Amino acid sequence: MDSVGSIIMYVIIALSIVIFSVLAVTARKILRAATYLLFTLFATAALYFQLDYPFLGAVQIAVYAGGIVVLFVFAILLTSNPGDNSEKLESKKRVTGLIAAIAMLLAGGYALCTRCCDLIMPQMDSATMKTVGETLMGTGYQQYLLPFEAVSVLLLACIIGGIVIARKR
Amino acid sequence: MDATIQILILAIPLFMFLLLGLLGKYLSPKIAGILGTTAMGVVTALAYYTAFNYFFSGDPNFQREIIGEHGETVVEHLQYIVFNPVWLEFYGNLHINIGFMLDSISAMMLVVITTISFMVNLYSNAYMRDHDGVYEKGFQRYYAFLALFSFSMLGLVVATNIFQMYIFWELVGASSYLLIGFYYTSPAAVSASKKAFIVTRFADLGFLIGILVLSYYTGVFSFMDFTSAPVEGLADTYHISLDTASTVLATKFAGSAAPMFMGCSVLTWALVLIFMGGMGKSAMLPLHIWLPDAMEGPTPVSALIHAATMVVAGVYLVARLFPLYLQETTALEIVTVVGAITAFYAAMVACAQVDIKRVLAFSTISQIAFMMVSLGVCRPEYHHGVGYMASMFHLFTHAMFKALLFLGAGALIHAVHSNNYTAMHGLRKYMPVTHWTFLIGCLAIAGIIPFSGFFSKDEILTACGEYSIFVYIWMSAVAALTAFYMFRLYFLIFWWKEHKVHDPHHAPHDQPWPMTVPLIFLALVSCVAGFINFGDFVTYNGEQHTFDLDWTVAGISLTVAVVSIAVAAKMYMKENPLPDKMAAALPRLWDWCYHRFYWDELYMFITHRIIFGLICKPIAWFDRHIIDGTMDAFATVTNKASWSIKGLQSGNVQTYVWIYLIGALLLGTITYICLI
Amino acid sequence: MNLNILCYLIPALIMFCCGVYGFITRKNMIAILISLELMLNAVDINFVVFNRFLFPGSMEGMFFTLFAIAIAAAETALAIAIIVNIFRVAKNIDVREITKMKF
Amino acid sequence: MFDNILIYFVLIPLIMLAGVALSQNIKQIRAVAVTGSLALTALSVYLLVDYLALRAAGETAPMLYTGSWQWFAPLNINLAVGVDGISIAMLILSSIILLTGSFASWTIAQPKAFFLWLILLSTGVFGFFITIDLFAMFMFYEVALIPMYLLIGVWGSGKKNYSAMKLTLMLMGGSAFLMLSLIGIYYNSGLFSWNIVEIAQDGNISHSWQMFLFPMAFVGFGVLGAMFPFHTWSPDGHASAPTAVSMLHAGVLMKLGGYGCFRVAIYLMPQAANELAWIFLILTGISVVYGAFSACVQTDLKYINAYSSVSHCGLVLFAILMLNTTAMTGAIMQMLSHGLMTALFFALIGMIYGRTHTRDVREMGGLMKIMPYLAVCYVIAGMASLGLPGLSGFVAEMTIFIGSFEQGMIDFLHGHGSLRLVFTIIACCSIVITAVYILRVVGKLLLGPVQDDHHRQLTDATWWERTATATLIICVAAIGCFPNFFESLIKFTFSPDIFKVLGMIQ
Amino acid sequence: MDYSQFLAMKQEIALLVVFLLVFLYDTFMPKKAQNATAAFTTVVFAIFTVLSIADMFCPCSTADATAFAGMYVTGPVIMAIKNILNIGVLIVLIQSIKWANGEFMIVRRGEFYELLLVTLFGMYLMISARHFLLFLIGLESASLPLAAMVAFDKKRYESHEAAVKYLLTAVFSSAVFMMGLSFVYGLAGSLYFSDINLMIFGENSALAVVALAFVIAGVGFKLSLVPFHLWTADVYQGAPTSATSYLSVISKGATAFAFLVVMVQAFGMFYEEVWQWMLYALIILTITVGNLFAIRQKNLKRFLAFSSISQAGYIMLGVIAFNATGVASLMYYVLVYIFSNLAAFGVIGAIENATGKVDMDDYNGLSTTNPRLSFCMMLAMFSLAGIPPFAGFFSKFFIFAGALQQGTIAIYILVLIALINTIVSLYYYLLVVKAMYIKTEEPCQIPTFRSACTERLGLWISVAGILVLGVGAVFYNYLLEMTTSLGLFGSIM
């Protein structure tokens, strides 16, 4: 039995996730869309906190909200032409978009609902930073040193790629 | 027995063919002609020797004495296999041999073929050059073809088995094709040769299927197994035996799982189909249409192939299988009917033709039909099978006098450079030798005593009379027509009116000796051949028998012939309007006769309109448009599909992901639906 | 009243669908990128929720999310670089304009 | 490996390839081509003699000169070779046609590339006939197919692009079915072997698999054998191909189809062959008359001959499907005969076309007067085609008819329906139709008055053309005159104790 | 925490060393020496390749290794596929030297090679990963830097467009893939392949099916299976030819093997009932649609893109075979495909570098001006079409044989469809041959030129591969013996 408080928290988070997501993809102005995205990301971070993953929530805020959205804003500013801020949607596009989204929703919803509908949150201790660190640096079962090293290579490559592309010459 | 002579009989012409065919152009025409003629002369001598030996040597391989029905001693001619190596094996006992069988009819045929062939070879030396003695182009080739023909025809008559006969049957067809088309630049000759080949090919289809049926049921090809029984004590000698034929019928056909097919016995079917081959070669109605056209070939060729030898192959075939035919008289009745109708038809048509070679061609058809009828009406119980003997006798005499007539016609044509009697008229003074020999030929074919045709035709009519009075009357009428049209021809050529000489220096005259000698020789033969007692040589079962002349029949036919000749003389001896009046009086009949009862037109219609128009062209169209179109359609549809789905690749990323997502969802959904 | 797992999964799914919708409908490439971020984020939520509800003993989902965030960041950086680049060449970033290559 | 004589049938062409590639001028190329093909001919004749000697000495193995070298060992794929009488007949045919084809393309443009492709094609052909391994066989089969595309496309005439593409695609379509069938045989014979002899002797392909695989294999090879309705590549392809290619293709490649139908489809899957024969009998029976009728109204010489090939090759497949020793012997004879005769035809057509620059019979006439040598050869080819005794066609057709009729009657009398009988009689009719179209062409093309005055200046055959045609004519006549020799060569394969498969059916 | 486990990753680490060498060389060497960056990379990589191959045959080396608690595995077969990729990359490197030394590339050729090596590293990870997180990182490493490589040709607008399309769809795809992974995680509770295979045994819920569909879609995207293929043509056309050839052979080959690993190791239990049929449909779609699109293409790179789509369909037959023969055939197919396709791209690249022409019409009559290039191209086309005696025939035959070993009638029908499609593919491959050899009426647009020696070297290697790989049976035999002795699961661990 969840506490009322957590339910209220949940409702707020869930609602903001849904609403801001919808807004982020429907907002006419691109900057607003970015802002709504930011809210969505915050709401997600909140969700992580609620689910007892504070470390993840922090990362979410730091990387996503702090890093990526800022990147977006810069990009928007770099690429905005006066006048194309507001875009009008073709109804045809909208229909196809809706079809895809609803199909996805139905399929995913059906799949999820039929498989795991009655599960409630079990109790658990939130992981300490030490465990997190050990897991990240460990080489054993369900420990992630190798992905960590690998992703570093990936990030390096993306940096190189980004530089090459963005470089004017 | 030493087979060298028999091998040579076949080998010399073949060798001459190869020699003249391959190296002919390096030889001068004169040498080629002499070479060809000499070779044929040698073959003739060998054939005479062989035949003489066969009939008169008394060799136990060739004849034996048996006790006849009435206890008298009868000489029986035997069948002797000179050599018979296997050429091609199929299965079981079914193998084709190329052999040499000597029996009474093959010996007779050897004589006929080599004689006529030699005459024609000799004759052609002069005929195939113009008045200045310049040889025709392709002279060597001509002699090569003649040699090929002689080889094939000899091979045909000495065949030991039906498939060998078929092989040489095809070869004579081909050589006939080559010789008819000798003047290959003339479209008429080309189409005539084509026609001859195709029509006979069609007939051969029947022959082939007949062979297939016969050989399947009996498991053999050899004539010996159909019609003969071995003579005890001699390895390669057989005697004709009706018992063998009836055993074949009883055990192989009647005893098989399917003795009947569509109401007739299978043996009848086989025999009728085989006879179909004979109809084609012997130009029986309705497969006769090629023979008149075949006259486009050089006249000596017509004499050799289309009068004396090849065209009687059909008769020979039936005679060869006669004991089998006797087992199924239905087939023989068909032979009779076809022969009778053809005989009358051809005689009618011959009365109205202008081209002298055409007249002779129809006359040939009619006379061969006589032989066919004669075979058809032959039964052992009728006068010791007189029909068989008469048929062979007529074959023999006809070969001589018809060759004579053709060679005479050749001399005429060579003299006036036209085939039509309208260009001739009154030639008797200019070409006396030709005239007299031609007259002898006409008398012989008309059946005037003592010329050979009288005797043979008389035997045929006797046989017909024994069989059925209707057939007798019918054939007598044909005989009357024969006498009429032959003398019509004779009078129109040699009498009618004075010959108009355009150029006194080139007035028609008798031809050089190579052409006249054969005429005289054949005329002499035609005069005396009738007195041969043919029953001593050829009977249906090989036993010698003396056939007496039936003077009642002879008298009637002689009378009929004389009357016909008189009518012809009345109408055509002097220029008079009677023929035109006659034509005008019976316009329809005249037209039909003149146009040969429109058979050619009918065939034209069938081949061009139906076969070409309704089968070949639609099939070709179907192939190009439907079958090929379908194949092309696979390509077109693929291409169309390619163009029609190009919108998928719209270039817009959003479409891409839309398709991506829907694709993924469909993949999952459909699999899930199928799964549950 | 209990909050069952679906209460968390469904909003994430909706978020994902919003991303899909946005990708397909938006013209601006940055907006498309935003939609993509939504989709990636939704996936992250899924992982975390599954981890929390079903397999609380391990941290597989959480770490996946952690790495996914890193990857998303990399992707975004690269994507923005490319978008800026094309903006330089084509002078706009309308996704419907970059359809020179097709069929 | 090199002690096996058969391997040289592939090695010599490979050496020829190298030789042509290294040649500097056309003379060297000709020398290589002629020497090589002469060597192949000699080799095949030697093989024939030696084979007969071995057989006479009592050798009873189904395949002689067998050898097997591991290739793809884990899949049991070996380069297994071996020949019987049929293969030897085909090898002789191929080498003779390669030889004459080399002569016929004496003055071809771009000789180097042409001969490279031509020899590559023959490598495939020779390889196909010597292998008894399904995989290697299939590989060689495809090797033989693809050079056709370039040979027709580059050196062809008329609608060459279309024809070359059509031919290639249709034949590859056939080989698609074939490949499936071959792999299917491998997995379902219970042996995991590609060796034909092994499968035939010890293999046990279940009935249902046979019913599935047999039609595939038969259609696969049947496409190359120009079986109705998959024959349409043949008229277009032959019409567009250059002379030597037409010769090789009609003369040899189409035989690959018949050979394969027998060697793979029927040999390995006899039960299905027996049960499904009726479908293909109808199709091939149709081919026989249909091709002949179509040929009657064509005006292009090559089309006429191509349709005639459809008819004749239809007869090959038709006879094979009789599953009867005699008919099958006839089928092989017909392959041999048709190969030589049609090669002769195409050679002559090529030579005539090279002079008159038209193949439309309506535009030519009286060539006998202008080029008597070629015309006479054409007549001989025609006579062979319409089955004149003394030439090869007659022997083959008669053997087929006798055998088919036998089988037809057996079926009929045993209550297995009259299909074989009826179609045999229909097939017999083709001899008349063949005469019609052959004589039509001979009449229009060679005889009659000269149609086009420009043709009067044309010359007769050159020495190399004479060599090519004379060689072929001699072969045609040799088969026609001494058939028993060739039939005895072939028949051994079909004798029941060796060919247990047929023994089982009969 | 046993860091020695890193030693199991010999190949990856060696590759990273190469990467670092190139990086350092490019960064710190003087300008003049930098001209040799391309050559330097090639040589270093060649050394690496040789060592790597030598290692495979060296009896002393430990073949099997499992590191990081099963997250990473390697074994003889895996080493073999990596070496196959290495060979391909080496050819790509050789062929790209001319292009990389172009004036325009001076400032960023080092980066090109660095990115290329990183993507190769990503592919290694994909192949060796037995954990989905590592797999994902490999996948992303293999695809994200590629986007940068695609955008390398800054002069050409198409290059940018291609990069945008590639990146956006790639990210979308990875989102879907990750969604699928999350479902898998929800079902299995672990991302280790072996755990998944155990946990989802008997699972046939909608969630599992959807998850599987998404995973297939995500990997299928990189393989460009229809309908996840739409980016392919645009990207291939727009990217620099070197990038395209890399993308079309190496990336595809690696992903194909990785796909096999995922399907067998993680979802092997689902084979019979679920993904066999999914793949069945995808193969038919892929081959057919790829072929249909390829028919009409005029741009050769785009043409090869569609051809590579349909080739991917054939490669998938090795996956659907689900047996050791299939694995060997797949690897062999990839090997042959590398040589064939690189021969084609080598010719295209050489001609593009010399004249800038990539349209099929420009190739009309090429045989008259550049007979050798035409010959290479023809061999490539024949090999791709599966014509003996070229290697493509053998690879096609064996992949069909592998699939048919599975034995159901459905597979027979699938193979039949694939075979019929080969006719269509033959058609368009012949179109190229036709253009070069048959359409010689008009003078060729491309003048006679002499291609750079590196390009020729690349082509020689490719042609040698085409000629030798098939007839010389050792390659396939080696692979097949290896896989059959290890078994399906054993060979890919």
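Leu51(E) sits in helix 3 (residues 37-57) of chain E; helices here are DSSP runs of H or I with at least four residues, strands are runs of E with at least two, and both are numbered from the N terminus. With 15 other C-beta atoms within 10 Å, Leu51(E) is partly exposed; the scale calls a residue buried at 20 or more such neighbours, exposed at 12 or fewer, and partly exposed in between, with C-beta atoms placed from the backbone. Leu51(E) and Ala14(E) are 37 residues apart in sequence, and their C-alpha atoms are 9.5 Å apart in space.

A word on the model: it is predicted, so local features need pLDDT of at least 70 and side-chain atom pairs pLDDT 80 or more, while totals for chains, interfaces and linings use all residues. Residues count from 1 along each chain as its sequence is written, and chains are lettered from A, ligands numbered from 1, in the order in which they are written.

**Chain E overall**
- Chain E carries 20 helices and two strands.
- For 493 residues, a compact globule would have a radius of gyration near 23 Å, and the 21 Å of chain E agrees with that; the radius is taken over C-alpha atoms, and the rule is 2.2 Å times the number of residues to the power 0.38.
- Along the principal axes, the C-alpha atoms of chain E fill a box of roughly 65 × 55 × 45 Å.
- As for burial, 71% of the 493 residues of chain E count as buried.
- Of the contacts in chain E with a separation of 6 or more, 81% are between residues 24 or more positions apart; a contact means C-beta atoms, placed from the backbone, within 7 Å.

**Helices 11 and 14 of chain E**
- The axes of helix 11 (residues 241-266) and helix 14 (residues 324-355) of chain E come within 8 Å and cross at roughly 175°; axes are lines fitted to C-alpha atoms over the stretch in contact, and angles between N-to-C directions run from 0 to 180 degrees.
- On the helix 11 side, the residues include Gly253(E) and Phe257(E), and on the helix 14 side they include Phe345(E) and Glu352(E).

**Strand 3 of chain B**
- Four of the five residues of strand 3 (residues 79-83) of chain B are buried, so this strand is largely enclosed by the rest of the structure.
- Strand 3 of chain B runs antiparallel to strand 8 (residues 237-240) of chain B, joined by two bridges; pairing takes at least two DSSP bridges.
- In that pairing, Gln79(B) stands opposite Tyr238(B).
- Three bridges pair strand 3 of chain B with strand 6 (residues 100-102) of chain B, also antiparallel, and Phe83(B) has Phe100(B) as its bridge partner in strand 6.

**Between chains**
- Eight pairs of chains touch, and chains A and C make the most contacts among them.
- In that pair, 63 residues of chain C are in contact with 74 residues of chain A.
- Helix 3 of chain C gives the largest share of the chain C side, 21 residues.
- Chains A and D do not touch, with nearest C-alpha atoms 38 Å apart; chains C and D do not touch, and there the distance is 25 Å.

How values were computed
Contact = placed C-beta atoms within 7 Å.
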